[in-house]
Amino acid sequence: MTEKTVPVKKDGGDIQATREDARYLIPAVDIFETENELVVICDVPGVDQAGISVGVDENILTIEGRTLDREEDLSKEIHREYRLSNYHRQFELSDVIDQEKISAELKHGVLTITLPKAEKAKPKKIDIKVNG
Amino acid sequence: MFNRSNLAREMDALRRSLDQVFDTVPFVRPPVSRFAFLPGLAARQYPLINIFDDENRVYVECLAPGLDPEELSVTVENNKLTIRGEKNGKPKAVAPEAYHRSERAAGKFIRSMDIGCDIDPDKITAEYKHGLLLITLGKSEKSKPRRIQIIAGQ
């Protein structure tokens, strides 16, 4: 899978207006391949069910996560090492993937996406007829 | 020629605009930043923590996705908070050569920090939610802020 950043496709208009103020982080991923599928594992701490979205559009897999709003300003900050940010990352899929059957699971801030291979891409054994 | 306050303002404006560049332009940032939650070499820097407090409590939040809450341990001793656990490694069934990308690190970690005030050991709660470990430590009575009654003299 190749990494991809897709430019905004919208025609015309003010480009500045399409930009968001929010910061995005590129989440770390593991991608491995088995005989029948590709598995993408992605760390997105601070994102709940409602905040995660995984989509495929024109062969581009998009992972997006919106972090929870935490009411941090209610208390005084003593020490800070991280800031929760939104996540965004895209990958280009090849024809090998059956895009209809992609599934995803979120558990403890880790997103697991299973991308099954299309039937035609799976390894096949050809029966050989032996005559005589 | 610059006068002093003008120069300071110019410098500040420059710093702001540079900050803005680093905040908004995605390709200036490294592809996987410090937020990659990698224990790796900096095991003592894992998990990353934020600490907040108010009058009655201290809140410690840790960025630690993908842990098994059963294996996570939080202890408090002499106002020193210690978090230890293990981030699960890669599934054993998968051969190393089957990996296309491997950016997430794994391993055991331990991190302790001194909480700067007296903690009531009976008022500690910890919750693991969406990859964040949220620890709430109740302050003991003597470290809570106290309002001093002022006696008005005649």
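## Burial and a first example

A residue is called buried when its relative accessible area is under 20%, exposed when it is over 50%, and partly exposed in between. Keep in mind that this is a predicted model. Glu103(B), with 18% relative accessibility, therefore falls in the buried class. Its salt-bridge partner is Arg101(B), with 3.5 Å between the closest N and O atoms. Arg101(B) has a relative accessible area of 21%, so this residue is partly exposed.

## Chain A on its own

Chain A contains one helix and ten strands, and their order along the sequence is β-α-β-β-β-β-β-β-β-β-β. Of its 132 residues, 36% are buried. If you count contacts in chain A between residues at least 6 apart in sequence, 60% of them connect residues at least 24 apart.

## Where the two chains meet

The interface brings 42 residues of chain B into contact with 40 residues of chain A. Together the chains bury about 3700 Å², and carbon and sulfur atoms account for 54% of that area. On the chain B side, the residues that lose the most area to chain A are Arg101(B), Arg104(B) and His130(B), which together make up 20% of what that side buries.

There are 19 residue pairs in polar contact across the interface, counting pairs with both residues at pLDDT 80 or more. Strands E1 (48-53), E2 (57-63), E5 (99-102) and E8 (132-139) of chain B each give two or more residues to the side touching chain A. The largest share, six residues, belongs to E1(B). Sorted by class, this side of chain B has 22 nonpolar, eight polar and twelve charged residues.

Strand pairing also crosses the boundary: strand E3 (residues 29-33) of chain A runs antiparallel to E5(B), and three bridges join them. Within this pairing, Ile31(A) sits opposite Arg101(B).

## Salt bridges

Side chains of opposite charge can pair when their charged atoms come close. How many salt bridges are there over all chains? The count is 14, and five salt bridges lie between chain B and chain A. One is between Lys87(B) and Asp43(A), whose closest N and O atoms are 2.8 Å apart. Both residues belong to a network of salt bridges that also includes Asp30(A) and Arg104(B).

Elsewhere, Arg80(A) meets Glu77(A) at 3.1 Å, N to O. Arg80(A) is partly exposed at 21% relative accessibility, and Glu77(A) is partly exposed at 42%. In chain B, Lys123(B) and Asp120(B) form a salt bridge at 3.8 Å; Lys123(B) is partly exposed at 43%, whereas Asp120(B) is buried at 18%.

Terms used. Residues are numbered from 1 along each chain as its sequence is written. Chains are lettered from A and ligands numbered from 1 in the order in which they are written. This is a predicted model: local features need pLDDT of at least 70, side-chain atom pairs count only at pLDDT 80 or more; totals for chains, interfaces and linings use all residues. Side-chain values use heavy atoms; hydrogens and water are left out. Contact means heavy atoms within 4.5 Å. Buried area is the accessible area (1.4 Å probe) that two parts lose on being put together, summed over both. A salt bridge is a side-chain nitrogen of Lys or Arg within 4 Å of a carboxyl oxygen of Asp or Glu. A polar contact is a pair of N or O atoms within 3.5 Å; within protein, one must be able to donate a hydrogen and the other to accept it, and residues adjacent in sequence count only if both atoms are side-chain atoms. Helices (H or I, at least four residues) and strands (E, at least two) are DSSP runs, numbered from the N terminus. Ala, Val, Leu, Ile, Met, Phe, Trp, Tyr, Cys and Pro count as nonpolar, Asp, Glu, Lys and Arg as charged, and the others, Gly among them, as polar. Two strands pair if DSSP finds at least two bridges between them. Buried means under 20% relative accessible area, exposed over 50%, partly exposed in between (1.4 Å probe, protein chains only).
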